[in-house]
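Hi there,

Here is the structure I promised to pass on to you. Please have a look at it first, and then read my notes below.

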Amino acid sequence: MTDLSPKALDQLEAEALTMVSTTADAAALEAARVALLGKQGRISALLGQMGGLSIEDRKTVGPRLNGIRDLVTGAIADRKAALDSAALDARLAAEKVDLTLPAPPRRKGSVHPTMQAMDEMVAIFAEMGFSVAEGPDIEDDFHNFTALNFPPRHPAREMHDTFFFKPGPYGTPKLLRTHTSPVQVRTMRRTNDKPAASWIACGREPPIRIVVPGRTYRMDSDATHTPMFHQIEGLVIDKAIHMGHLKWTLETFVARYFETDEVTARFRPHHFPFTEPSAEMDIGCDRSGGELKIGQGSDWLEILGCGMVHPNVLKNCGIDPDVYQGFAFGLGVDRLAMLKYGIPDLRDMFASDVRWLAHYGFSAFQAPNPASGLS
Ligand code: PHE
């Protein structure tokens, strides 16, 4: 028979409490609990022997054993709380974040040179008092051609290598705009049509002074042409506008854009159905030494088309050509970005190669601002 003398029980109590209080972690505490109070545990085993005791002994040993069990149960709960809070303290210490450390480097995107150039151009024109208008990429024949004085079946329509959509049941097929000039029409025409979205140009009264940045599309692909490219259109309509205003605006723009007063420009007669007279603007450059330099040399580089808005276009837009006239221009943004940033091949601009973008791209913090420098 096990020793159930008061002395033995005192010893049991002391041993059990030491066992519990010296456990190092939750697993050891659980092992101690099982060893003492589990089904086969030391204390449980003694409680199981109670039936074999005399009534006298049971009266003293019973309460004593129950007292030990309650004491040990309480000690286990206390130890568990102490271990839990120690574990939490340890975790908090280990996972402490030092906010004074520099942040780990992150992969970041960059602004495409075309978009940077576009923002620069818009910033320059905004400084001259132009506002920005936009229009849809999917156009109809009326806005892209007819209103712009392209006669029906005129070869100029084919000249643009237009992407047409499949013809629908009504009207002429939709197309991808071949230039940003349809936004001239959308800006001048005062119709009751609600614009499909708030950013789409809607008719306004002259004076009009807008620039139109956007994507344009032509079925064309080689070293200097891509099927999608970017243009900025300009339109000025007022009562006494002449070619002099056009020349000053474009020459000032080019000098600001290339950040040099040395730029020379010439205007060559040209033809566009929507302007009369029409011209192409060339800027002086130097191609010797395999490198293109703007503002020096005796070569010429074509950069944009322009002219005085054709009276038929004004009429088509409900503006009286005897009262108002104005000028328009359209320039290729991608090509001007290449010139400014020394990018050799147009196709690379649209290859989505992240290494190319990391090299030629701009930080989003380099927002063009004419006051603090353009780029
Ligand atoms: N829309 C013409 C083009 O894409 C450019 C242009 C615009 C010419 C405005 C004259 C006036 O080629």
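Let me begin with the overall layout: the centres of domain 1 and domain 2, taken over C-alpha atoms, are separated by 88 Å. Domain 1 covers 6-94 and domain 2 covers 113-360 in the domain assignment, with bounds that come from an automatic or database domain assignment.

A word on the background. This is a predicted model, where local features need pLDDT of at least 70 and side-chain atom pairs count only at pLDDT 80 or more, while totals for chains, interfaces and linings use all residues. Residues are numbered from 1 along each chain as its sequence is written, and side-chain values use heavy atoms, with hydrogens and water left out.

Now to the helices (DSSP runs of H or I, at least four residues, numbered from the N terminus, as are strands, which are E runs of at least two). Helix α1 (residues 6-21) and helix α4 (residues 55-94) have axes that come within 9 Å and cross at roughly 10°. That makes α1 roughly parallel to α4, a label for angles under 35 degrees. Axes here are lines fitted to C-alpha atoms, for helices over the stretch in contact, and angles run from 0 to 180 degrees between N-to-C directions. Contact means heavy atoms within 4.5 Å; among the residues that meet are Leu9, Leu12 and Ala16 in α1 and Leu65, Ile68 and Val72 in α4. The residues of this contact divide into 12 nonpolar, 1 polar and 4 charged (Ala, Val, Leu, Ile, Met, Phe, Trp, Tyr, Cys and Pro count as nonpolar, Asp, Glu, Lys and Arg as charged, and the others, Gly among them, as polar).

Next, the salt bridges (a side-chain nitrogen of Lys or Arg within 4 Å of a carboxyl oxygen of Asp or Glu). The whole structure holds 17 of them. In one, Asp84 meets Lys80 at 3.1 Å, N to O; these two are 4 residues apart in helix α4, so about one helical turn separates them. Asp84 is partly exposed at 40% relative accessibility (partly exposed lies between buried, under 20% relative accessible area, and exposed, over 50%, with a 1.4 Å probe and protein chains only). Lys80 is partly exposed too, at 45%.

Another salt bridge joins Arg256 and Glu127, with the closest N and O atoms 3.1 Å apart. This pair links distant parts of the chain, 129 residues apart: Arg256 is in helix α9 (residues 243-257) and Glu127 in helix α5 (residues 113-127).

Finally, Arg266, Arg268, Glu280 and Asp282 are linked in a network of salt bridges.

Best wishes

Definitions and conventions
Angles under 35 degrees count as roughly parallel, over 145 as roughly antiparallel, 65 to 115 as roughly perpendicular and the rest as oblique.
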